[in-house]
Amino acid sequence: MWEQMQLIENQYPWFFSGFAFLVGSCIGSFLNVCIYRIPLDESVIAPGSHCACGKPIAWYDNLPILSWFLLRGRARCCGRRFSPRYPFVELLTGLWFLACWQLRSPQVALCGMVFGSMFIAATFIDFDHLIIPDRFSIGGAISGVLLSLLVPSLHGYLPGDELFFIDALRSGIVSVLGVLVGSSMLYWVKTLAEVALQRDAMGEGDLKFLGAIGAFCGWQGALFSIFGGAVIGCIGYFGIRFAQIVLSSREGSSEPLRNDPEASADEDREEEEALPFFGVEIPYGPMLAFASMLYFVYLHPWVDGYFATVKSVLFGF
C-alpha cells in the first residue's frame, strides 16, 4: 500500500499534502466542538453544531476556515459574532497535519496527527479553564503506548531491522519510559518550585500531560518539552511586556503628585495590572504542547543527538 501511495505522491506531489491539510482542517472543526463542550461535560456527538441562540448550523455554514470569512464572523441565523479562534484552530490543525505528512514518514505522520489533535484541544481548554482533561493526558499516554507498539518507527525502529515483535516491544518500552521519566521529572520540578516560591507552582494535570508527551516523543522529547516550554513561556512573557511598554509610552500619562496618597495608590494598582502573569495562574500545558510538537516534526534529530552525546560523555557508550 505504501508503495502505491509513493507512486501517486511522485506523480501528483500536491495530492496527499492537500488531502492532509483538508482532513486536518475538518478535524480542527471537530476539535472546536471538543474545546467548548468537554469542560462542560457535554457530549461531543449530539446534538449537532448549533448557534448560541439554539438554531442548528447548516452544513454550508460549517465549512472549515471558509465559513467564518464568508459569514464575516457572524452567525447567519441571528447575527451574533463568533470568535476568530474557530478558523484559527481549524487552520492550525490543518497545518499540523500538513507538517506531519511532509516531515515524517506516513506511519509516523498518522501517529503525529493523533498526538497533535489531542494536544491542540488540550491547549485551548487549558487556556480557557486552566485544566487538562484526563482524556487528553491519561488517554494520550495510553494512546501513545499503544501506537508505539503498533508503529515501532514512531521511536526510530525501522521496518526490517529486527522481527516486528522485537521492534514493537522495544518501541513500547521506550514509550513507557517516556511516560515515567517525563511525569516524574516534572514532579520534581514542581516540588522544587513550590519549595522556592512557597505556593502551588503547577497543576497535577501538567504532570500527566507530560506523561502523554513522553509516550509519543520518548524521554528525550519529554525532557526537551519541560525546558523548551519554559523558554517559550519566557519569550511570550517578555514579548507581552515589551508590547505593553511600547503601548504605554505612546499613550503617555501625567505624573501624579507623590504626596497624594490616592494618586500613589492608583499608580500602584496600575503598575500591578501592567505586570501580567505575576500573582496569576499561567497555563503551562500549551507551552509543553508547543515544545513537544516542535520536537516531533522538526527538532528530534538534534535533540536526540544532543542527549546521545551527553550519554556518551558521561557513561562512555
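**Note on the helix packing of a predicted model**

1. Helices H4 and H10 pack together. The axis of H4 comes within 10 Å of the axis of H10 (residues 285-315), and the two cross at roughly 30°. On the H4 side, the contact uses Trp96, Cys100 and Leu103. Met293, Phe296 and Val297 meet them from H10. By class, this contact has six nonpolar residues, no polar ones and no charged ones. Please read every value here as computed from a predicted model.

2. Overall fold. The protein chain holds 10 helices and zero strands. Along the sequence, the pattern reads α-α-α-α-α-α-α-α-α-α. The chain has 317 residues, and 37% of them count as buried. Take the contacts between residues at least 6 apart in sequence: 67% of these join residues at least 24 apart.

3. Helix H4 itself. H4 spans residues 85-103, which makes 19 residues. From first C-alpha to last, H4 reaches 26 Å. That is close to the 27 Å expected at 1.5 Å a residue. The buried residues in H4 are Pro87, Val89, Glu90, Thr93, Gly94, Trp96, Phe97, Cys100 and Trp101. Two of these, Trp96 and Cys100, are buried and also take part in the contact with H10.

4. Ser17 lies in helix H2. Is Ser17 buried or exposed? Ser17 counts as buried because its relative accessible area is 9%, and the cut-off for buried is under 20%.

5. Helices H2 and H5. The axes of H2 (residues 15-37) and H5 (residues 106-129) also come within 10 Å, crossing at roughly 35°. The crossing is right-handed. H2 contributes Ala20, Ile27, Leu31, Cys34 and Ile35 to the contact. H5 contributes Met113, Ser117, Ile120, Ala121, Phe124, Ile125 and Asp128. By class, the residues of this contact are 10 nonpolar, one polar and one charged.

6. Helix H5 itself. H5 has 24 residues. Its reach from first C-alpha to last is 34 Å, close to the 34 Å expected at 1.5 Å a residue. H5 is mostly covered, with 17 of its 24 residues buried.

7. After H5. Leu130 follows H5 and has a positive phi, near 60°. This is a positive value in a residue other than glycine. Leu130 sits in the loop between H5 and helix H6 (134-150).

8. The loop between H3 and H4. Arg72 is found here. Its phi is near 55°, again positive in a residue other than glycine. Arg72 has 73% relative accessibility and therefore counts as exposed, the cut-off being over 50%.

9. The loop between H2 and H3. Pro47 lies in this loop, with H3 covering 66-70. Which kind of peptide bond joins Ala46 and Pro47? The bond is cis, with omega at about -5°.

How values were computed. Residues numbered from 1 in each chain as written. Predicted model: local features only at pLDDT ≥ 70, side-chain atom pairs only at ≥ 80, totals over all residues. Heavy atoms only, no water. Axes fitted to C-alpha atoms, helices over the stretch in contact; angles between N-to-C directions. Helix = DSSP H or I, 4+ residues; strand = E, 2+ residues; numbered from the N terminus. Left-handed = near helix turned anticlockwise from the far one by under 90°. Contact = heavy atoms within 4.5 Å. Nonpolar A, V, L, I, M, F, W, Y, C, P; charged D, E, K, R; others polar. Buried < 20%, exposed > 50% of the residue type's maximum accessible area, 1.4 Å probe, protein only. Expected span 1.5 Å × (residues − 1).
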